[in-house]
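The following questions and answers examine local features of one protein model. Each answer works towards the value or name requested.

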Amino acid sequence: MKNLIFWLALLAAAFGFFYYQQNHRISQDELIHAESPHDRSSVSSFGGLAYLNFLRAGAGLPTLAYSSVLEKSARNHARYLLQNPEDGHDERHRSNPFFTGYRPNERARKVGYLYDGVHENITTGFYPYPEDMDTNLPVQQQIDGLMTAIYHRFSLLEQGIDEAGAAFEHRDGRISVAINQGNHQFNFYCGLGRVYPEPGRRYYQNACNNNAIVYADEVKAQREFLYVVYPQGDFAMPDFHGERPDPMPGHEFTGNPVSIAFSESAGKIKMRSFKLYQGKSEIEKVKVLTASNDPNQTFSDRQFALFPLLPLEYDTAYRAVFEYERNGKSEKAEWTFRTKKPDYPYFIVKGGEKLAVESGKKYFIHWKDFWCQRECEEYVYRQRGKAKLEVMERQIGGMVVRVTGDKGDDVRLTPKEENDKAVLLYIWQ
């Protein structure tokens, strides 16, 4: 009799567990639904150059004209980087079928661009979403990243350039973006091939990589702004994590730097203070880089950047204030910007929340005030029913995940084994 009671109890427990697995449901009142992703509809058709021009316009700068020659130079190098991403701005492998020159100016000359002042900006990496490769999202995200990298940003927002070519390449999950920028006036006059200057006429002697000269009086000055500030608008990334050379050695990541760059004609600039505010509160943990403390001695005495030591929050307004002396007179520059939302439906959580997800859809999860890089690569999860969790990408601010399964299945997810931050991903439809 005791054995019968034991087996009946065991059978009841098994049935109860099966019933829970099949019929456990969470009410709608308990669920948190995802916020809408960042709205890129206005720029969805923008490729690399168009998107760069969009960001430049937000900073008050004129559009860069399209150069097919610079695009060809950029594309050659972007293709080269798919095989040798470690080379950066150099090309050291002549066996690479896309080798066109060791340095950017050599590669530009190879395709017929003769101005020696070509700027090159590049970014490489892996992209985990093959279904997005035929859209403009990957190249836009890469350019967003370039704009957080302060040395690249100053180059992309340079006032002395007026044309560019951009290329985006991908293969087997690896991606590369290359942007070549130049000046069409100098390139035109370099193409005339003049090597003997007229007596008494001022000229540029080293502007052309074919040793031609360009007369100073034939290059019309572009409209010059006193200064260029960034970020502006509402496409600012909240964080910065990595640039070669590294402007913030000793920091795995920081907030997106806020910068101001004065024109060459601005005169003598002396910084008095540089501050960043969220609402009425000043962001206190910052580091301001200038020409005197830039670890790579790349800043000019007209360039200044404030790095928040912690990432900024998503979808949040900020105000920057730069006070300075110009030729001995006190002046102030003040501007606002808003950080962007994540590019996928997203949740901002603290821990303990039940998140409503659709099977097979990508979501971004950000644990509020929790930012990390290498140490956050570990996570713990428990799958129930047919639910399967796929962590598609780790970012400084969280992770992109996808859950597949049946309605009512769920996954308990914990970052870095911190149980108080555990969340439940519940398939609600």
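Q: How many aromatic pairs does the count come to?
A: The model is a predicted one. A pair of aromatic rings is described by the distance of the centres and the angle of the planes. By the rule that ring centres lie within 6.5 Å, the count comes to 25 aromatic pairs.

Q: What is the geometry of the pair formed by the rings of Tyr51 and Phe235?
A: The ring centres of Tyr51 and Phe235 are 6.3 Å apart, with the planes at 65 degrees. Planes over 60 degrees apart count as edge-to-face. The pair is therefore edge-to-face.

Q: How many residues apart in sequence are the parts that Tyr51 and Phe235 tie together?
A: Both Tyr51 and Phe235 are buried. Tyr51 belongs to helix α2 (residues 48-58), whereas Phe235 belongs to strand β9 (residues 233-236), so the parts tied together by this pair are separated in sequence by 184 residues.

Q: Which residues do ring pairs link into a cluster?
A: The rule for a pair asks for ring centres within 6.5 Å. Ring pairs join several aromatic residues into a cluster, and its members are Tyr227, Phe262, Phe274, Phe304, Phe322, Tyr324 and Trp335.

Q: At what distance from the ring centre of Tyr277 does the charged end of Arg319 sit?
A: Arg201 lies over the face of Tyr215, at 3.8 Å from the ring centre. The charged end of Arg319 sits over the ring of Tyr277, and its distance from the centre of that ring is 4.5 Å.

Q: Which residues form a disulfide?
A: The structure holds one disulfide. A disulfide requires two cysteine sulfur atoms within 2.5 Å. Sulfur atoms 2.0 Å apart identify the pair as Cys190 and Cys208.

Q: What is the handedness of the disulfide, given the torsion about the S-S bond of Cys190 and Cys208?
A: The torsion about the S-S bond of Cys190 and Cys208 is about -80 degrees, so this disulfide is left-handed.
The pair links distant parts of the chain, 18 residues apart, with Cys190 in helix α7 (residues 184-190) and Cys208 in the loop between β6 (203-204) and β7 (214-215). The handedness asked for is left-handed.

Q: Is Cys208 buried or exposed?
A: Residues with under 20% relative accessible area are buried. Cys190 counts as buried, at 0% relative accessibility. The relative accessible area of Cys208 is 5%, so Cys208 is buried.

Q: Which residues line the second largest cavity?
A: The structure holds two cavities of 30 Å³ or more. The lining residues are Asp144, Met147, Thr148, Tyr230, Phe235, Ala236, Met237 and Asn256.

Q: Which residues lie nearest the centre of the largest pocket?
A: About 1,400 Å³ of space lies in the largest pocket. Its lining divides into 17 nonpolar, 15 polar and 15 charged residues. Of the 47 lining residues, those nearest the centre are Thr123, Thr124, Gln142, Gly145 and His241.

Q: Which residues that line the second largest pocket are the closest to its centre?
A: The second largest pocket holds about 640 Å³ of space. Its lining comprises 30 residues, and the closest to the centre are Glu158, Gln159, Gly160, Glu224 and Glu264.

Q: What is the omega of the cis peptide bond that joins Arg244 and Pro245?
A: Most residues other than glycine have a negative phi, and most peptide bonds are trans. A cis peptide bond joins Tyr230 and Pro231, with omega about 0 degrees. For the cis bond joining Arg244 and Pro245, omega is about -5 degrees.

Q: Is Gln297 buried or exposed?
A: Gln297 has a positive phi of about 50 degrees although it is not a glycine. Its place is in the loop between β15 (286-289) and β16 (303-308). With a relative accessible area of 72%, Gln297 is exposed.

Technical notes: Residues are numbered from 1 along each chain as its sequence is written. This is a predicted model: local features need pLDDT of at least 70, side-chain atom pairs count only at pLDDT 80 or more; totals for chains, interfaces and linings use all residues. Side-chain values use heavy atoms; hydrogens and water are left out. Helices (H or I, at least four residues) and strands (E, at least two) are DSSP runs, numbered from the N terminus. Buried means under 20% relative accessible area, exposed over 50%, partly exposed in between (1.4 Å probe, protein chains only). Rings of Phe, Tyr and Trp (its six-membered ring) pair if their centres lie within 6.5 Å; planes under 30 degrees apart count as stacked, over 60 as edge-to-face and the rest as tilted. A charge sits over a ring if NZ of Lys or CZ of Arg is within 6 Å of the ring centre and within 35 degrees of the ring normal. On a 1 Å grid over the protein atoms alone, a cavity is a set of points where a 1.4 Å probe fits but cannot get out, and a pocket is an open set with protein on both sides within 12 Å along at least five of seven lines; lining residues have an atom within 4 Å of a point. Grid points are joined across faces, edges and corners, and a volume is the space filled by probe spheres set on the points. Ala, Val, Leu, Ile, Met, Phe, Trp, Tyr, Cys and Pro count as nonpolar, Asp, Glu, Lys and Arg as charged, and the others, Gly among them, as polar.
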